[in-house]
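Okay, everyone, thanks for coming. I'd like to walk you through one structure, so let me put it up on the screen.

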Amino acid sequence: MLNHTEIKNILKNKDIGKDVYVCGWVKTFRSNRFININDGSCIEDLQCVIKLDSFDKKTLSQITTGASLNLKGEIVESQGKGQNVEIHVKNIEILGTSHPDNYPIQPKKHSFEFLRENAHLRARTKTISSVLRIRSEISYSIHKFFNKNNFYYVHTPIITGSDAEGAGEMFKVTTHNLKEIPKDENNGIDFSKDFFGKETNLTVSGQLEAEALALGMGKVYTFGPTFRAENSNTSRHLAEFWMIEPEMAFYELSDNIDLAESFIKYIIKDVYEKCKKEINFLSERLLKEEQSLPKVERNELSLIERINFVIENKFIRISYTDAFDILKNCKPNKKGRFKYPVNDWGIDFQSEHERFLVEKHFKCPVVVYDYPAKIKAFYMRLNDDKKTVRAMDILFPGIGEIVGGSQREERLDILKDRIKSMDIDEKELWWYLDLRKFGSVKHSGFGLGLERLILFITGMGNIRDVIPFPRTPKNADF
Ligand code: 4AD
Ligand code: MG
């Protein structure tokens, strides 16, 4: 390793008078004197000052935005505003030159679209690197929460033979030669000749396997990538995203909601404390950006106010039926302002409905529970009314659904009926049914979309900007 001290530690320790080596990438070089350098260890750049005439022309000409340097100098108290210490440079080694005219990340504001096209370099920007530092801290915080609460971290398969959500939106996994696919006697694809000897896909959820593990280990959680081939080109959907799925034996729906609420609050509070500088920076960024918007499109609360609001207030809990009544009778519905009118009980809420409930009606995160059985997955526990299931979705301002979960159907006969009514092949789920034959117990769990939580904490507007290399329809670059 190159001998160097991370900028984060230099700024923290303030060892005035000490000589240090610093490595990083040049942000700006002004007046042939002030080099601002960043090494990714923190949000701040370090100002490094060089004495006039102390370096040769060639070295000076190579100190351009984007170039990488290893420099040595003395830590001194800073004269300028905005930083405590600066470096008085004694030696400069150019590690890698850049091309000032071609380097995409210039010291100016770039659009997020442009940065997405340059996703391999966008971690050099303050905004994206802040978001990714927060992403890292959130991930750590999630493990801390579950570890403290006696959960086991389990790893469920990524390649799977079962369709957890019962929807046809999966990526196929095969080693068949696509130009000469083996056919069976009915001219269908012969999966018996494929690598696994059966049809397999990338998982849409680790839930079913997590259930098996919870029904032996008590409380478990998965935290891994999930894949959905739905053609949703929105600012809230990715084809590859990360999901956290806790699963708890002996929990009923209300326990499940309690856990989800305290989990979300813990993460947001913890990350806000750990990443104050990044979140303050993103909050300021957002305020500036919103100034150019018409007043109605601006957020009533700043990012920091929204974060504090969620930490301090109880989430509203409301049944689907009550939420449906509110929506049916609300002004926008009566005046025909919804694209999808709310008339008949049983409809799936669209994002315009969810946003109305959260942003206009309650102005608070909302948990909707007891959804119509017809619009939810086969594994959710049927209520005594036979019409609704013990499902719950948590809806967040500006985002919509952030969590989806349920109490699971633990009664074998009812589960079998649900599987049949949804046209799912019971044979594929033999092991899942076994769990209801041998010591079945009430249990519950939920899935939190990591990127949607990051959207909330960072105030970013597009999910493509909170994952390093997004996968979306027609886009798998990098
Ligand atoms: O509501 P979903 O589909 O629930 C499940 O997959 C359950 N098996 C979870 C469980 O009970 N263990 O997805 C859960 C969450 C959503 O609330 C959303 O936050 C996120 O995953 N999500 C997506 N995030 C980004 N892009 C997508 N395409 C997403 N689809 C779901
Ligand atoms: Mg859902």
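So, the shell around ligand 1: its residues split into eight nonpolar, eight polar and eight charged. Keep in mind that this is a predicted model.

Which residues come nearest to ligand 1? Out of the 24 around it, those are Glu 165, Gln 207, Arg 228, Glu 245 and Glu 401.

Now the polar contacts. Arg 408 puts a polar side-chain atom 2.9 Å from an oxygen atom of the ligand. With Gly 449 it's the backbone: a polar atom there is 3.3 Å from an oxygen atom of ligand 1. And Tyr 379 has a polar side-chain atom 3.5 Å from a nitrogen atom of the ligand.

Two or more residues each come from β11, which is 240-249, β15, at 400-407, and β16, at 443-449. The biggest giver is β15, with five residues.

β7 pairs with β9, residues 200-202, over two bridges in the antiparallel sense. If you want to find that on screen, look for Thr 160, whose bridge partner in β9 is Asn 201.

That's it from me, thanks.

Note on methods: Residues are numbered from 1 along each chain as its sequence is written. Chains are lettered from A and ligands numbered from 1 in the order in which they are written. This is a predicted model: local features need pLDDT of at least 70, side-chain atom pairs count only at pLDDT 80 or more; totals for chains, interfaces and linings use all residues. Side-chain values use heavy atoms; hydrogens and water are left out. A residue is near a molecule or strand if one of its heavy atoms lies within 4 Å of it. A polar contact is a pair of N or O atoms within 3.5 Å; within protein, one must be able to donate a hydrogen and the other to accept it, and residues adjacent in sequence count only if both atoms are side-chain atoms. Helices (H or I, at least four residues) and strands (E, at least two) are DSSP runs, numbered from the N terminus. Ala, Val, Leu, Ile, Met, Phe, Trp, Tyr, Cys and Pro count as nonpolar, Asp, Glu, Lys and Arg as charged, and the others, Gly among them, as polar. Two strands pair if DSSP finds at least two bridges between them.
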